[in-house]
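Reader: I've just opened this one and I'd like to learn how to read it. Could you walk me through it?

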Amino acid sequence: MKKRLLHIVLLCLIPLLGWGQDFDDIVARMGNKSLPLVNVEVEIDSVSYLYFLPGRITLAKKYHGETTTETYNCLVRQRGKTALFLPKWSFAIKLVDDAGEKLNANLLGLRDDNSWILDAMGIDKLRMRNRVCFDIWNEYSHTMWDTKFGNRNGTVGAMVEVFINGQYAGIYCLSDKINRQLLNLRKAKVEDNDSVTVKGVLYKGKGSGVSNALLDYVEDRTDTTKWNTFELQYPEEYPSPESWQPLMDLIDFNGKTELDYFKAHYNEWYYIDNLVDYWILLVAFGIDDMPYKNTFLSTPDINFEQRFMITPWDLDASLGRSANGNPQHYTSQINRLNAFGPFNRMIRYNIDGFKDRIARRWDELKDSIISPENLESHINAIAQRFVESGAWQREYNLWKDIPAEEDDRVVITENIYDEVQFVMNWYRRNHAYISNLLVRWRDDYVEPDAITAATITQIYNHILGISTNYDEKLDLNEDGVINSADVTYGYNIMLNE
C-alpha cells in the first residue's frame, strides 16, 4: 500500500520534477536526438498486477525530420515481480481494436504483435542491462529451427521516454515478448469432439523451488497455468496433464535416469549448441538469478520431437549487480551451474567433451561478440542517446530522491558514465578470469604445476618482500606482475576444480 501511495503522489509531483508540460506539447518540440515518446492513458490508481484495465497508448518518434504519431486502444496492467515493489512501475500492454479484440501492430519497427512490455528498469542503475545483454545474446545465439523473425531467440526493444496520462514518468524500454509467434511453435489443435491435441509448448520459470533445478518436482495440479515453479505460456488456454507432461518428462530424464542412459540419450532432449550458448551467457554477464528462474523452455511440436530449447529472460541482474541491485564484487561462480540439470552431468562427467565445446565456443566469441570492446560499444551507444536527448537528466531529476527514501539500492547517479565505468571494470575482470579458466577445459590443455595452498603462500611471500625473485609460475593470471590479483585468481581456480 505504501508503494502504491508513493507512486500516486509521484504522479502529482512530476510537473515539479521533470517535463511538466502536456504530452502533446512535448511531441511538438521533439528534436532529431529525442528518444521516441510513449503516452499511456489509463486509470492509474486502479492499475494492478492482477488484471488488465482498458486504456490507450500513443507513440511519437522523429523520422527523417518529421514527427509521426500513432495511437492504439490497449489493455494495461503492472508487470514484474521485484518491480511491483519499486516506485517506478513496469507495465504489460496488449493492443486491441475498437471491438476489444486482439490487434497486432509493428511498434517502432520492432515486429508485428499485440503483446508488449514497458520495462521501467527500476532496479537497474544503468537503465539498460536487460536490453544490452539481450542484444548481444541475439548476436551470437539463435533458435534451433526456422522462424519468421530471423531465428531470433530473444527480445528486441527500443529505449523510450514514457508519460502516464500526459505526465512524465521516465526512461523505459519498449520490448516485445517471448511467445509462440516469435519462436514459431505449432498451435494446439481443437478436435471435432472439442478435445485438444497439444503441439508446441512453452514454459516459463517464475520462481525458486525444488523444480527450479530441473532435477525433481513435487506433486502439483496440472489443470492450471502454474505448476511447481513454472508457468504455462503456451498453450495457456489449455492447461492439462497433456500440456505439462513434456516438462515432467524432461525433469525425470535429468534427475531420475541412470548415468549411462543419460549419456546415450541427452541429444534427444537438448540442443547442445543452445546449452553451450546459454551457459556462456550466464557466466559472461554474471547472471546469478538463472537458471531456470527467468528462463523459457520450448519445443515446436511434442508429437515429433521432445528436444527443448532454452531462451533467457529478465537479464537486469547482471554485469556486476545482483537481482536486488547490490554490487557484485566477485567474478562469475561457474561451479554454481553444476547444481542444475543437465549441467550437473554434462559438466561433471564432461560428456562427449562438453567442457571442450564450451571452451572452444568461448574462444570463438571472446574477442568479438562478447569482448569488452563490443559490450562497451553497445553501452556507450545507448548512454550517448540518453545524454544527448536529455533523457538521463530528466530520469535523474525525477527519481534521484524518491528511491533514496525507500530503497538505496536503486538510486542512480547524475553522471551515467559513473555506472558505465563500474560495469566495464567488472566485465573486464570477469572476462579475463573466465578466459583464463576455460583454457583448462580444452581437451588439448596441458596441466601445469597444480595450484595449492603452498602456491598461495609463495605469492604472499613475494608480496610481503620475503621472496623478491620474480617467478613466472606465481604470476597466475599472466599479467606480468605478482600481486593480490594472483591470490584471488588462485583461490578461484582451487574452488572451481
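Reader: What does the accessible surface of the chain come to, and what percentage of it belongs to carbon and sulfur atoms?

Author: Accessible areas come from the Shrake-Rupley method with a 1.4 Å probe, and for residues only the protein chains shown count as cover. Here the surface comes to about 21,700 Å², with 48% belonging to carbon and sulfur atoms. Before we go on: this is a predicted model, where local features need pLDDT of at least 70 and side-chain atom pairs count only at pLDDT 80 or more, while totals for chains, interfaces and linings use all residues. Residues are numbered from 1 along each chain as its sequence is written, and side-chain values use heavy atoms, with hydrogens and water left out.

Reader: How many helices and strands does the chain have?

Author: Both are DSSP runs numbered from the N terminus: helices are H or I with at least four residues, strands are E with at least two. This chain has 15 helices and 16 strands. Its radius of gyration (taken over C-alpha atoms) is 25 Å, close to the 23 Å from the globule rule for 497 residues, so the chain is as compact as a globular protein of that length. That rule is 2.2 Å times the number of residues to the power 0.38.

Reader: Is T295 buried or exposed?

Author: Buried means under 20% relative accessible area, exposed over 50%, and partly exposed in between, using a 1.4 Å probe and protein chains only. T295 counts as buried because its relative accessibility is 0%. You'll find T295 in strand β15, residues 295-299. Contact means heavy atoms within 4.5 Å, and if you leave aside neighbours within four places in sequence, the contacts of T295 include Y203, Y278 and W313.

Reader: Which residues touch the most other members of the largest nonpolar core?

Author: A nonpolar core is a set of buried Ala, Val, Leu, Ile, Met, Phe, Trp, Tyr and Cys residues joined through side-chain atoms within 4.5 Å. In the largest, with 107 residues, they are M128, L247, W279 and F285. A second, separate core has 30 residues, among them V40 and L53.

Reader: Where are the cis peptide bonds that join P291 to Y292 and G341 to P342?

Author: Look at the loops. Y292 is in the one between α7 (272-284) and β15, and the bond from P291 has omega near -15°. P342 is in the loop between β16 (309-312) and α8 (343-346), and omega for its bond with G341 is about -5°.
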